[in-house]
Structures are given as structure tokens and as C-alpha cells.
Amino acid sequence: MFRALFWKEWRQLALVRWGGIAIGVLLPLAFLAGAEMAKRGVLPTGSIDRYQPADVLYEIVPTAMAIALWPLIALMSAAQAIAGDRSAGTESFLLERPITRSSVWRARIASAAVNLVFVIVVTAGLGSLIAKVSAAPSQGWERWTQSILAGPAVAALAMLGGLIAASLIASPMAAVLGGAVLGALPALLAAQLIAGFPHATIGPVPLGLVLPVLLLPAYVVASWTASCRGEPAGRGRVKRGLLTTGSTLALIGGLFVVVAPVSVRARAARGWHAIELDRQGRSAFVGSSSEYGGGGGWLVDLASSRKTGFVPPPFRDVAFQPEGDLVAILTWSAPLGGETKRDRIELRQASTGRLERSIGTPGDEPVMAVGWVDRAVVVLITRNTTPNGHTYEVLAANPLSNDSWRSLGLVQSEWAAFTAPRHDGRLFLRTSGDLIDAGGVRRIRGYHLRPIEAGLRRIGEPISDASGKPIEFASWLAGLSPSGKLGTTATTVDLHSDRSGIAVTDLATGSVRVVDSSVNDEQWLSGDRLVWLENEGAGGSRVRLRSMGSDGKIVTLRAWRNAAVRIQVSPLGEAVYLSAHELAPGHGKALDPGDPEGTVPEHGILRVAEGKWFSINPACSEAEECTTTWASERTLARIGPGFLAFEDIDHPGVKRFVLGSEADLR
């Protein structure tokens with residue numbers, strides 16, 4: 001019986017089938033004729049100077065078939081198969097026969113599907129054959145391949161829309177129009193969810209793309225309940241179909257509300273993370289750094305490694321209050337992984353993660369950075385762009401006294417940023433220094449430091465030497481020493497290259513001690529002691545860890561041959577964590593007599609003032625799989641893809657995982 005019903009429906013779809021094939025054959029000819037008419041200026045809508053037949057046959061034709069012809073045939077096949085008998089008045093006669101309605105429904109679905117596949121195969125074959133015999137492919141068969149892969153999926157979506165529409169609407173033409181709307185509904189819903197909630201994902205797949213897929217089986221169920229349940233005359237089929245479809249839409253909305261927060265947190269836990277510390281060593285912010293805009297993060301209690309609060313993405317900057325328990329987070333996040341159109345600053349309790357207050361950013365200009373001065377929140381914005389650089393403005397507001405934003409002044413500079421190079425909680429505005437001419441190319445030589453004085457409501461003048469000339473600081477990691485008495489300054493070695501030396505300048509007397517031109521990773525320790533790495537020879541043939549105290553004496557703390565070395569100074573400047581990895585095999589440059597030779601590879605902590613060395617086993621292969629940084633003065637943070645763990649240097653090997661587990665280290 002099913003076979004007889006199938007062939008009946010197959011015959012009724014003959015006009016749709018052969019009409020679709022005819023259109024598929026005429027498409028290449030129609031596009032070529034239109035292009036030729038446009039070239040000759042016949043068309044009143046415009047003209048083209050020239051065209052390539054290959055572009056038409058290998059680009060436009062397959063695209064038109066995939067997004068227009070095949071979906072149209074899918075809609076017409078479903079509408080004619082389901083609503084054709086009802087429109088002709090023969091459905092009641094058919095249902096009076098000893099045939100189950102589900103058998104009729106299955107035969108109609110099967111005939112419509114086979115009809116669509118037949119049209120796709122024939123039109124794709126004829127179209128590609130016409131293209132092959134007419135012109136050589138200028139860009140290959142890539143577009144045809146994409147259309148053959150994606151076109152049937154679009155057509156299947158259209159057929160499902162036509163299936164439910166034809167089950168509810170008697171007229172085939174109206175069913176085609178309704179099917180186009182219903183077929184596009186899952187795609188439109190997915191596009192809206194993806195655009196409105198970009199941070200809600202399941203792995204790399206947007207959650208908004210996954211949930212609308214539930215509409216596809218819902219269309220089939222709705223068509224079956226409308227056509228095969230209830231009275232044979234069809235009364236109530238619209239109600240049943242709409243109830244199924246509406247229930248599925250409600251289910252999608254409910255699932256999205258439930259799953260989106262979970263998926264946002266799961267996304268924040270993936271990839272690599274950065275850690276921001278408060279000055280008291282009590283709390284930290286662990287944020288995902290694997291995506292643009294910040295993928296969310298957690299406030300963490302350092303003592304217990306407990307996550308105290310989640311900060312949804314995206315965010316741009318995080319600043320802990322120097323004296324207090326508040327943290328300012330510059331964000332534009334919205335519920336369920338969405339985004340707002342304007343930035344705001346959230347003030348949270350660092351110890352609990354509780355949101356205390358949210359304040360809007362000033363004006364419509366983008367906020368570049370956020371910081372704290374004298375218990376006031378300060379922001380850095382760009383007002384406008386001038387031919388000679390950007391104009392930056394610093395504004396401040398006291399969030400606890402409901403102060404409005406007030407300007408502390410404008411600065412014109414190539415670039416500007418906040419920096420807090422000292423341990424006393426002061427904040428500086430770091431601006432580009434003087435421009436110098438190096439072989440006809442203007443380069444930035446260093447940077448200036450201007451204290452931000454919120455109490456006096458102004459930006460201070462740049463730190464200057466005894467003659468009043470602004471000091472050109474150098475080194476992004478060093479700059480001003482902890483006491484504020486010394487600073488690393490730029491000494492240009494060769495104006496025709498990017499190489500610059502580093503000098504330590506006494507800011508009170510102006511005396512200068514040139515360190516070397518081959519320094520890198522220079523950082524300040526407590527007691528105004530500078531440490532740096534010094535590379536000599538090709539690559540890492542000899543690397544020395546050196547330091548200079550306030551007396552100006554330079555000593556070598558450790559030396560390696562054939563090594564790549566990285567150093568990190570602890571938050572209070574009492575110790576240095578270093579890791580050395582072997583480079584390509586080679587002899588290396590001989591070490592100076594008396595230099596304490598390090599091993600390769602090695603990982604450990606050097607307490608410079610005490611002259612003590614502690615060897616620390618790496619968490620994993622730090623060259624590729626993870627990295628180590630400081631979490632507090634006596635705690636290391638082991639960071640890798642999907643995990644972050646704290647390890648106290650007094651209990652090496654014992655890890656307290658904030659994210660991930662021990663299995664992630666293997």
C-alpha cells in the first residue's frame with residue numbers, strides 16, 4: 001500500500017519536478033544573457049564594462065541554485081504533497097479508504113524528499129556540465145563544491161518549513177509562503193541568539209546555534225500531530241500544530257536561560273588565564289585571556305584558593321583598591337552572555353565577589369583603563385585624535401560619596417596608560433616621551449610618568465631631573481624604583497636601530513649609571529635593587545642574571561650556556577622565579593671564572609638579598625604547555641590551558657587548583 005501511495009504522490013509532483021529541472025537548465029543561460037545585455041547597455045538598470053563567463057557559471061549559478069532554486073523546489077514539493085489533495089478536494093475521498101492516515105503522511109513525506117533529491121542531483125549535474133563545456137574555471141570548482149554541500153541543508157530546512165505549513169494551511173501557494181517563513185525561523189532565531197549572546201557557547205559552538213535545532217524535529221512532530229491525530233476531517237489540526245511548535249519555542253527559551261550561565265562559566269574556564277593581584281596579597285582576579293575582550297573570570301581568595309565570585313565577560317580592565325576590599329572592573333557585560341552598548345564600572349567586594357555598585361562611564365568616549373587614587377575611581381579616555389597624536393583625559397569620581405565625574409586634565413601624547421610602579425598605592429599616567437629622528441624615522445625614545453593627584457584634582461607635571469627636564473623612563477617592567485629615588489632611563493646606543501641601553505638614574509642628584517645595551521627583562525627588587533638578564537653571543541649562547549644595588553655594584557647571580565631564560569620578580573620584590581630551557585644543541589660561550597653556573601633545564605626561586613636558591617619542579621613542560629608566575633610573595637601560580645593552580649613555595653609539589661585538576665597536567 002505504501003508503494004502505491006508513494007507513486008501516486010510522485011506522479012502528482014511531476015510538474016514541480018520537471019519545472020525545477022527546466023529552471024535549473026535555464027539559469028546559466030539567463031545569467032549569461034543578463035550579463036551580456038548589461039555589457040551592451042541594453043538593461044535600463046545599469047551596465048557593466050566587461051564580465052567573464054567563468055565567473056557567471058562557476059560563481060553565480062551554483063550560488064543561485066543553493067540559496068534560491070533548491071529551497072523553492074523544497075517548499076513546492078512539500079506544499080504540493082501535503083496540501084495538494086486537500087486543495088483539490090480529494091483528500092476526504094482518500095481518507096475514506098482503509099488506509100491509515102500515518103501511511104498517507106509517510107508516503108507524502110517520502111515522495112517530496114525523493115523529488116527534491118532528484119531535482120538537486122539533475123540540476124547540479126546539468127549546471128556543472130554546462131559550465132565545464134562553456135568555460136574553464138578561473139577560481140576552480142570551490143563554489144560548486146560549497147553549494148553542493150550547503151545547498152541541500154538549506155533545502156532541507158525549507159522542506160521542513162513547508163511540511164508544517166502545508167499541514168496547517170489548505171492552499172498550496174499559501175503553504176509555500178508560510179513554509180518560507182517557518183523554514184527561515186530557526187536560522188533567524190539562531191542569528192538573533194548568536195548576535196545577542198555571543199559569550200554563551202558550548203565548546204567552540206555558539207549556544208544560540210545549538211538550541212534552535214530543536215525546531216527541526218518539532219516541525220516533523222507538529223506535522224504528524226496535525227495530519228495524523230484528531231478527527232479525519234482535520235478539525236483542530238491548526239491548534240495541534242501550533243501548540244507543538246509554540247511549546248518547542250518556549251522550551252528553547254527556557255533551556256537557553258538555564259544553560260547560558262553554565263556555558264558562559266565553562267567558556268571562561270577554557271584556554272589560558274591571566275592573574276591580577278591586590279596589594280595586600282589576599283585576593284586575585286583570574287581572568288580568561290584567550291579571547292578578545294576578556295572571556296570572564298573569578299575573584300579568588302588566595303589563602304584558600306576558593307572562588308568567591310564570577311565576573312561575566314567581556315571586561316577590559318581590573319583594578320584593586322590599594323587600601324580596601326573593593327575591586328573596580330571595567331565591563332560591558334549583560335545577562336546570559338550578552339553585551340550592552342555602553343561601558344560601566346562594577347565595584348565588587350574582593351573578598352566575597354558581591355556587587356556593591358555599578359557606575360556609568362563618563363560620556364560616549366571609550367574608556368581605556370581604570371584605576372584608584374585616594375579611594376576615588378579614575379578612568380582614562382581618549383577625547384579626540386589630532387595630527388600630532390591623541391588627546392587623553394583623566395576623570396575621577398568617588399563611588400562611595402556619589403560624586404559625579406570630574407576632569408583632572410587633558411594630555412596630548414602618542415599613547416598613554418595607567419601604571420602603579422610603587423608599593424605605596426600611588427598611580428601614574430604613563431605617556432610617550434620625546435620623539436627622536438633615527439635615520440629619518442621618528443621613534444618613541446621612552447616615556448614620562450605624571451602622578452595623578454585626585455585630591456588636588458589634577459594630573460601632576462612629569463617627574464623631572466634637577467634641571468627641570470622631564471625624565472625619559474625606559475623599560476615597561478622597571479621604570480620607577482620602589483622607593484621612588486631611582487629610575488631606569490633610556491640611553492640611545494644607535495639612532496639607526498631599535499636598540500637602546502638602560503641606565504639607572506638617581507632622580508635627586510641626576511647621577512647616571514649605564515647598565516648595558518644588551519639587557520632585557522629588567523625588574524626592580526625591594527631595596528631599589530635592579531635585576532636583569534644579559535645576553536651575549538648569538539641567541540642564548542651565554543645568559544647571565546645580574547643585579548645592581550643602590551651602591552652601583554654589579555654582580556652576576558647566575559649564568560647559563562645555550563639557554564632561554566625567563567625571570568619573574570615576586571609582588572613585594574623579595575625573590576625572583578626563573579626558568580631556563582635548553583636551546584638548540586651547541587657549545588655556547590664560555591662563562592667567566594667565578595660565575596655561578598646554572599643547569600639547563602632548571603626552575604627555581606632566588607632570594608637575592610639572602611643569596612639563597614630553591615629548586616622548584618616545573619608543573620609541566622613550561623616551554624609549551626604551561627607557565628608559572630607569582631600569586632603572592634610565597635605562592636606560585638601554575639597556569640596552562642584550562643587549569644590554574646596555586647603552589648606554596650614552603651610546600652613544593654602541593655597544588656591547590658582554582659581551575660582544572662591534576663589530570664590537566666598530564
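Angles under 35 degrees count as roughly parallel, over 145 as roughly antiparallel, 65 to 115 as roughly perpendicular and the rest as oblique. Such angles run from 0 to 180 degrees between N-to-C directions, and axes are lines fitted to C-alpha atoms, for helices over the stretch in contact. The model is predicted: local features need pLDDT of at least 70 and side-chain atom pairs count only at pLDDT 80 or more, whereas totals for chains, interfaces and linings use all residues. Residues are numbered from 1 along each chain as its sequence is written, and side-chain values use heavy atoms, with hydrogens and water left out.

**Overall composition**

The protein chain has 10 helices and 35 strands; these are DSSP runs numbered from the N terminus, with helices (H or I) of at least four residues and strands (E) of at least two. Of its 666 residues, 48% are buried, where buried means under 20% relative accessible area, exposed over 50% and partly exposed in between (1.4 Å probe, protein chains only).

**Helices α6 and α9**

Helix α6 (residues 142–168) packs with helix α9 (residues 215–228) at an angle of about 25 degrees, and their axes are 9 Å apart. The two helices α6 and α9 are therefore roughly parallel to each other. Contact here means heavy atoms within 4.5 Å. On α6 the contact includes Leu157, Leu160 and Ile164, and on α9 it includes Leu216, Tyr219 and Val220. By class, the contact of α6 with α9 has 10 nonpolar, 4 polar and no charged residues. Ala, Val, Leu, Ile, Met, Phe, Trp, Tyr, Cys and Pro count as nonpolar, Asp, Glu, Lys and Arg as charged, and the others, Gly among them, as polar.

**The sheet β3-β4-β5-β6**

Four strands form an open sheet in the order β3-β4-β5-β6, with antiparallel pairing; two strands pair if DSSP finds at least two bridges between them. Its edge strands, β3 and β6, each pair on one side only. Neighbouring strands of this sheet are turned by 25 degrees against each other on average, direction ignored. Helix α10 (residues 237–269) packs on the sheet, touching β3, β4, β5 and β6, and its direction makes about 70 degrees with that of β5. Strand β5 is joined to β6 by 5 bridges, and glycine 297 stands opposite valine 311 in β6.

| β3 | 273–277 |
| β4 | 283–288 |
| β6 | 306–311 |

**Glutamine 349**

Glutamine 349 lies in strand β9 (residues 338–349). Glutamine 349 is buried, with a relative accessible area of 18%. Not counting residues up to four places away in sequence, glutamine 349 touches Leu299, Asp325, Leu326, Arg354 and Glu356.
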